[in-house]
Amino acid sequence: MKKALKITAAVTAVLLIAGILWVYNSFCGNIFSAMYAKNQIEKYIDEAYPNDDYEVGDAGYNFKFGEYYCKITDPDIEDGSFNATYGSNGSITDDYEEAVKNFGNTIYRLDDGLHKSLKPLIDSYFDEDEQEFGFATVIGDKEVDRSRLYLDMKFDVKNMPMETYIYGSLKENSQKGLDRMKKMAEDLKVMGYRIDYYSFSNDVDYFDNVPVYELLNASNVDALQKYRLPDDTKNK
């Protein structure tokens, strides 16, 4: 009887370990496949970019697509990194075109810098209790003139090479919301910041992508009706 229990316990333990490994492999891949994927990606990078001294990071695993990926880093260029992916069928692709050549990394860095630089200033115009979603946010990359971009270009919040807009969500009526956004827009303009569009909303109205000059010239919300989203599009 004791021998049978020991065998049962051993089998159960083996099955449990096997189950854990299966779950781990399903979500995280396995170390041997990861090492192989990295090796194949290194060969791919050497052949595809023979004149560049890239560093290939350790392989991660995308369980949704069953793919391994590595971050490819240029040690000399902050905006020069991109990702290479080793697919389940053994194919390898990368996003160099979008991330580096088309300045995707640069755009993201400038956008992130814009958000972090202006968020504390914007928040100072909005009491937390008066905001439906807790904060106002700044988002760049509405439209980008890529001819003005270059890798590792200096971030200057007052001279963004892209259109920018500020969004505020308020728990107050539309006229008060307009007055609040106008006050902020006026102050930012005096301080020299480039903000092209403003959006603001409450439980009733949502005014989207209002050009700054029209916002500043609007005496009331009726003057901005062409920027008010229809009720059936607010949550899309």
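D58 is an exposed residue, with a relative accessible area of 64%; exposed means over 50%, buried under 20% and partly exposed in between, using a 1.4 Å probe and protein chains only. This is a predicted model, in which local features need pLDDT of at least 70 and side-chain atom pairs count only at pLDDT 80 or more, while totals for chains, interfaces and linings use all residues. Residues are numbered from 1 along each chain as its sequence is written, and side-chain values use heavy atoms, with hydrogens and water left out.

**The chain as a whole**

- The chain has six helices and nine strands, taken as DSSP runs (H or I of at least four residues for helices, E of at least two for strands) and numbered from the N terminus.
- Of the 236 residues in the chain, 37% are buried.
- Contact here means heavy atoms within 4.5 Å. Among contacts with a separation of 6 or more, 56% are between residues 24 or more positions apart.

**Salt bridges**

- Side chains of opposite charge can pair when their charged atoms come close. The rule used here asks for a side-chain nitrogen of Lys or Arg within 4 Å of a carboxyl oxygen of Asp or Glu, and by this rule there are seven salt bridges.
- One of them joins the side chains of D58 and K38, at 3.1 Å from N to O. D58 sits in the loop between β1 (55-56) and β2 (60-62), and K38 belongs to helix α2 (residues 31-48), so this pair ties together parts that are 20 residues apart in sequence.
- K183 and D187 form another, with their closest N and O atoms 3.4 Å apart. These two are four residues apart in helix α5, which means about one helical turn separates them. K183 is partly exposed, at 44% relative accessibility.
- K226 pairs with E214, the closest N and O atoms being 3.7 Å apart. Because K226 lies in the segment after α6 and E214 in helix α6, the bridge ties together parts twelve residues apart in sequence. K226 is exposed, with a relative accessible area of 64%, whereas E214 is buried, at 16% relative accessibility.

**Helix α5 and what it packs against**

- Helix α5 covers residues 174-190, 17 residues in total, and reaches 24 Å from its first C-alpha to its last. That is close to the expected 24 Å, which is 1.5 Å times one less than the number of residues.
- Its buried residues include L178, M181, M184, A185 and L188, along with D187.
- The buried residues of α5 pack against α4, β7 (165-169), β8 (197-201), β9 (206-211) and α6 (212-217).
- After α5 comes G192, which has a positive phi near 90°.

- R109 belongs to helix α4 (residues 104-123) and is buried, at 18% relative accessibility.
- Leaving aside neighbours within four places in sequence, R109 is in contact with E78, D79, D152, M153 and F155.

**A nonpolar surface patch**

- I31, F32 and M35 make up a nonpolar patch on the surface, with about 390 Å² of accessible area together. Patch members have over 30% relative accessible area and no salt bridge; nonpolar side chains (Val, Leu, Ile, Met, Phe, Trp, Tyr) are joined within 5 Å, and like charges within 9 Å.
- I31 lies in helix α2 and is exposed, at 56% relative accessibility.

Terms used
Accessible areas come from the Shrake-Rupley method with a 1.4 Å probe; for residues, only the protein chains shown count as cover.
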